[in-house]
Each structure stands twice: as structure tokens, then as C-alpha cells.
Amino acid sequence: MVGIVVVTHSAVLGQGVKELADQMTQGRVPLAVAGGIDDPEHPIGTDPVRVMAAIEEVQQGDGVLVLMDLGSALMSAETALDLLPPEVAAQVRLCAAPLVEGVMAAAVQASIGADLDTVAREAESALAVKAELLGMAPPQSEPAPDATPAAPATAGGQELTLMVPNRLGLHARPAARIVTALGPFVAEVQLVRGDRVVSARSVNRIATLAVRGGDTVTFRATGADAAQALKALADLAAENFGDLPDVVGTSAPAAQGKPAAAGAPVARGGVPASPGIAMGPAVWHRPEFDAPPPSLVAGDPDSEAARLEAALDAARKELAALERRTAAMAGKQEAEIFVMHRLLLDDATIAGDARQRIAERHEPAEAAWYAVIDQAAESFRQLPEGYMRERAADLVDVGARVLRLLTGAPPSGPRLDRPSVLLAADLGPSDMAHLDPALVLGIVTAQGGATSHAAILARSMGIPAVAGAGALAANVADGVTVALDGSTGEVWIAPAPDVRASIESRRAAWLAAREAALAGAARPAVTTDGRHVHVHANIGSPADAPPALKNGAEGVGLFRTEFLFLDRAAAPDEEEQRAAYVAAAVAMPGLPVVVRTLDIGGDKPVPYLGDFAAGEDNPFLGLRGIRFCLARRELFLTQLRALLRAAAEHPLRVMFPMVAHPGELAAAKAMLEEARAALTTQGLPHGPVEVGIMVEVPAAVALADQLARESAFFSIGTNDLAQYVMAADRGNAAVADLSDALHPAVLRMVRDTVAAGNAAGIPVAMCGELAGSAEAIPLLVGLGLDELSMNGPAIPRAKDVVRGCDMAACAALAERALELPDAAAVRRLLKGGG
């Protein structure tokens, strides 16, 4: 992508221009500002070294366009070119376009992948457009805009006529959205108003038509994909060309309603995923393909070719699933990358060459595949065009996927060699398991939501994270400074010095508050009127228990045993599981430990257990949780035996996940007794366990009175309960706002579950992510929950909040919340605005 540099005497002016460009392109274009000089008393001026650094920051191999404000800015830009290596300077173009209009036009063209000549030409036409709008002749050096009298549609062309719904018409941002919408298509598209026609692929040309709200315009398209291009425009028009009704033309507010720091672009981001503030150099996590596979003995060519075909077929299925998931989360255009990856798998010069090496050289499938991909990727790396060089990364991605499937190795996790902010398209539980919390300052993912298991693990590790950030960070290179606030979802890319200072101050305050809360964490959480609310920890391994105890945990409310089964080639045996359960209990001396039996499926597949979700369009509604365990008897019996043997050494509670009705609970308890009888027959010691269930399915709430009679305790899983109640995939960033546990529909489910538990005389806990939300705790106390279980780092703050609660006031708060219409209203109430 072409990079853009703004050279201006005023840093504030430069940042304002950048903010406008970022709004036009959603921050997709690499754009840097070289504004002002390092002289507090006389800050106005330009610095060639700053210009050079800005060019180096945005150059990605496709060229850099430099726009300047006043005469000496040109001198600084020319000097910067002399300072740059010749091969970099050769790809830099100095542009005489007007600063503001030129940057806007250039940014839009760059965002859709236009080359440097096209970007420069669009920028340089901006002054002519303004001159025409003012009724003036354009400067002699500027060509007149190409608006011409309208002519009848050409044969074979198609038209779309519509009334512009925007109150302010096709101003800069709607025009930019039109150009962006046409980016994926090759059709020639024109925009007609009255007797004038212009190219619909130019922001400047669209501006010359001065289209106002209520005007009727026509789009004309010719070419192979003309119909698709017009449909994209029709869809855009149906959404007011991206403007909000009644507030068209206004500037976008800062994230979360907070003003941006002076001189800084508005922070953008995604879904708050793990609280805390972080800033550091960016490091991308991408599949590794950096070493040939170990020497292997090849089988006969036919069997090796069959192994390769099986791996290619498995890779196609993985990519198809990724395409569907990405389309749902980020849109079809973003998902097209996986279509291209599948095409690479079928490329005759790749898969075909690998087959040839197997047949002629008798190489193992792994070695043949690696050699072909490595050679092809290196060929791309040697190409002069930046876009084509980047295709090497696609080859490596595809190559690593197939090689992993051939070797049976688990996906490799992120690797960092210094404290950094980790960027990734998405992270799974196995990726998170590889992280060193000491080196991961924060995490920003393009996909996912606040209750994805990557987000859950980030919170358990105390790592600030923002999920569902989409294409925001897609063009960020390794090493660029990235800052984030996991409590608000804000993300800053290459923040200005004053913004950095503000972020560092906020981070220091957050760290100080965390330390202060930790100091009093050991004291029990008792409300002002004497009610003890037990605060427990959610853990994924025995290693999580000691730090949770240090944070003040009064026990383990949820031991997610599925993490024992991930990132390995085979399931843990009975002895390994027994040792893990004992280790967790030992780390919590005398305190309760609740172990949830294996909960996989949905977004937690385990490859070595086979494709148990094959044919399921929605694994979240398929064979997962207790359903999976009841279907895999031997696997389940092994875990139950390990739990019973561990209970002989330390008291344990066993919790079954995803129970929907009493029949499932009865079947699970019957298998527990079957495991106990087998241990007795073998003479192996075993202990008693209390049995409870996760309440995370609406059916379980409806039958809570019946389930309570057969359970020793309930634990509400708000993550799944919210997605099932609201019919919104919890890992889909597009509906993350809907899958909200604070929605009154979900809160009423909590109320009803507590009532059923109280009637049966059993305790009711909450172990979903809502339980660790300091903002929500007074509401949860008011709903009558006996226990709250959360990730370790959230415990000190949660206890502090409970200690400030009054039961009567909290009950009144809960009653008000239950009568509100949506989650947003509940949040306003909790913030004191309701």
C-alpha cells in the first residue's frame, strides 16, 4: 500500500489533517506526520530528520507520497530524500497538491490499493476541483476536472438511479465510501447528476457535482462485474452512504466518548477484552515456516502422495471454516484472503511441483512440500513490487498450515524476545498457552470478542487486551509503537509524544491501583451490613492456583480442565489428570476447589479427538460440553476416575458443563458412580465429591427447580448463557454488543436461577466473565449470588467493591436493572446515569 507523509510547520495542523484522513479511510492507510520542530519556545518549523523518519515509518515497498504546506517544507522534504538510502528515495514522490484536499484524496486512493501514480494524480487534481466549485478557472498547471455532459448509457452498460438520502449529500466521507466500495470491482463506474458525468472512483470528481441531500443521481457501470458493483453501491446508499441519520457531516467522536489528547488523532479500537493499559513495540504473530522438517524416511511415492493429498484436503477444510468465520466477523472482503489461500493449495506450480518431487526424488511429503513452498516464497521476496513481495507471506501461511497437518504438530504459539504488544488476526487457547506474561504487554486481535477464550485467558494472565479491532492494525509493521486500553477498547497506532505521555500516566495510575487492591486482598469480602460474598478464582491449570491465592482467592470456583487437553498430541492419561487436580487442591489448602469436567467443542476443538463436529453448521449448538462427554464414554470415565482418586487426597467438587435437562445430569452422575464402582473393584482409593452443574443454557434455567433437587450447587456461566439467550455468537465481533451478559434478558435468567437455588437450599455462584466486572458486582450482589468466581487479577478489586456494598441498596439496584430494556440502559444505570 502507498504510504503518505504530511510535512507541515505545525504539529497540531498535521495531526488534524491526519485525523481527517483516518476518518475517511478508517485508519487503513499508513500515514505519518512530520510537523514542527523540537523547540518549545519556537515550535513552528520543519525538520528534515523528522521527514526522513516519517518516510521510513510508512514505506512498505509501494511508494510514498509526500505533501507539504509551505516553501521551506519542500526544502526539508528534499533534504530528507538526500538522507535516505537511494533505493528508498527512488520510491518517494514529492507532491505539489494542496495539503488538506490532497491528503484526503490521496488517502482514499491508497486505501483501495491504487499505485503511486494514481494516488499522486488524484491528489494533484484536488485544487482544480476546488477552483471549479468556486466558479474559478483552475491554475494552468492543473487540468480541469473531467466532468462532461451526460450521454446515454452505452450498450451493455447497467444503471442505478437513486435519491441521495444524506442530509448533507455526497460530502467528503460518503464520497470516500463510494470509492472504497468500488475498490474490489473492475467495472468502469460513472456518477451522473443532471447533465454532468464524472468518474465514481475519484473523491475529487464526485465533489465537483456538489450532490446535495434529496438530489437524484445515476450510477452507470460497464464491465464484467458491473452488476455486483452497482449492488454494492445500492447497499451503501441503503445505509445513508455510511452517515448516521440526523448527524451527517459531524466528526466521529473519540472512542468511548472520550476526547482525544490535544494534537492527537482520535483513538480507535474494538471490544474491551481484558482491563489494563499497555504501550510498546508491535509484534505480529504469524505461522512459522523457518526451518525444514527433520530428516524422515520416505514411504513409497504413492503413500507419500496420498499423505500430501490428505493434508491438502484438511487444509482446504480449515481455510473454508476460517473464511466463513471471518466473513461473519469482519465481512466478506476481509474473508477473501482465505479464498486466495485455497487457490494456492491447488496451484499446479506448488502442489504439482511437490507431487513431482515425491514421484521423481522419492522425498517424504514433508520435505517435498517444504522445499517447494520455500523456493516459491523466496522468488516472491525477490520481486521489486511491494505488493507482490507480500505474497510470500501468504505462501508461508499456507505452507505452514499444510506442513503442520503433515507432521501432526500443534499450531506454534507467539514468540517474543522483548516486552511487546502482540498483534494477531486471532488467538486460540493454544496460542495463549505459549505466552510469557512478562513479555506480553498487551494484545490486539482483529477478530473475536470479550468472551472469546483468548480474552478469558488474557484476563486470567492480567494482560490488557482489545479484541475485534478489525482492519485497524492490519498495516502496522513490527516495531511500531502501539498503545491500548483494555477497559475501553481504545487503540493508538504510533501515538504522538504528548499522547504517549498521557497514556504512560494512565498506565502508572492503573498499576498503582492494582497494587493497592492487592495489598488488602486476603481479607474476606463482607458487605457493610455483614453478608459474606465468597470470591473464588477461575483457573486453567494448577500453575494458576498459587497466584490466584496471592490475589485473595477463597478457593477455586472453576478449574477449566479442557486446557489440560489442548496443545498436545494425545489426551492426558488418568495419572496425569489426577496429579493436576491434586496440585490445584494443594495450592488451595483447606479451600473449596470446583473442577469442571471436559468442556470442548464450539471454539475449543481438540484435533487428536477427531472431527467430532463434522457436518455441524454451528458447533456451539452441537456436540459440546456434557453432550460430548456422554458420547465419549472412555474419555469421560478416565477423567471421572482421576477426579475421584484426587478426592481421596483433597476434597473436590465436580461440575458438569452445558447441562440442559435432568436426564443429562442423571446420565453424568450414573457414569460417576460407574467410575467409583470400578475403582472399588480395583482396590484404588477414592473420595466423595459434591456434584453441581453449570447453568449456561436457557433450558437449564427453565428447569432449575428440578435440577436443583439433584445438585449440590449451581454455577452460572454468563458467557454461554448470554450468547444462547441473545442468539449472538460470543466470538463474533460483529454482534459483540448484543452478546452482553448485562442485558436484562440475561439478568432475569440469573434472578430465576438464584431463586431456584435458594428454594432448594443450595448455593448459587457465578463463574462467567460478568462475575469479575467491578462495575457489575453491586448488581450481582443485589441479585443474591452467594459466590463470585473470576480470573485471579480481578479478585482484589472485586473484594473491595463487595466491601462497599449495602444489601438493601444493591437489591434496589437489581430491581431497577431488571426493568430496563437493554444492556446499554443497564450500563448507564451502573454508571450512575440511569
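Two strands count as paired if DSSP finds at least two bridges between them, and the strands and helices on this tour are DSSP runs numbered from the N terminus: helices are H or I with at least four residues, strands are E with at least two. What you have open is a predicted model, where local features need pLDDT of at least 70, side-chain atom pairs count only at pLDDT 80 or more, and totals for chains, interfaces and linings use all residues. Residues are numbered from 1 along each chain as its sequence is written, and side-chain values use heavy atoms, with hydrogens and water left out.

**Stop 1: colour by confidence.** pLDDT is the predictor's confidence in each residue, from 0 to 100. The protein averages 82, and 80% of the residues score at least 70. Now select 140–148: pLDDT is below 50 there, yet this stretch has 21 contacts (heavy atoms within 4.5 Å) beyond near neighbours in sequence. Residues 326–334 also stay under 50, with 16 contacts beyond four places in sequence. Where pLDDT is low, the predicted coordinates should not be read in detail.

Stop 2: Pick strand 3 (64–68): 4 bridges join it to strand 4. Which residue in strand 4 is the bridge partner of L65? Click on R93.

Stop 3: Zoom to H285, in the loop between strand 12 (277–284) and helix 11 (301–330). Buried or exposed? H285 counts as buried because its relative accessibility is 15%; the cut-offs are under 20% for buried and over 50% for exposed, partly exposed in between (1.4 Å probe, protein chains only). Show L422 too: its C-alpha is 7.0 Å from that of H285, although the two are 137 residues apart along the chain.

Stop 4: Strands 18-19-20-21-22-23-24-25 form a closed barrel of 8, with parallel pairing. Its neighbouring strands are turned by 30° on average, direction ignored. Select 652–656 and 689–695, which are strands 21 and 22, joined by 5 bridges. Finish on helix 30 (795–803), lying across strand 18 (534–539) and strand 25 (787–791) at about 160° to strand 18.

Terms used
Axes fitted to C-alpha atoms, helices over the stretch in contact; angles between N-to-C directions.
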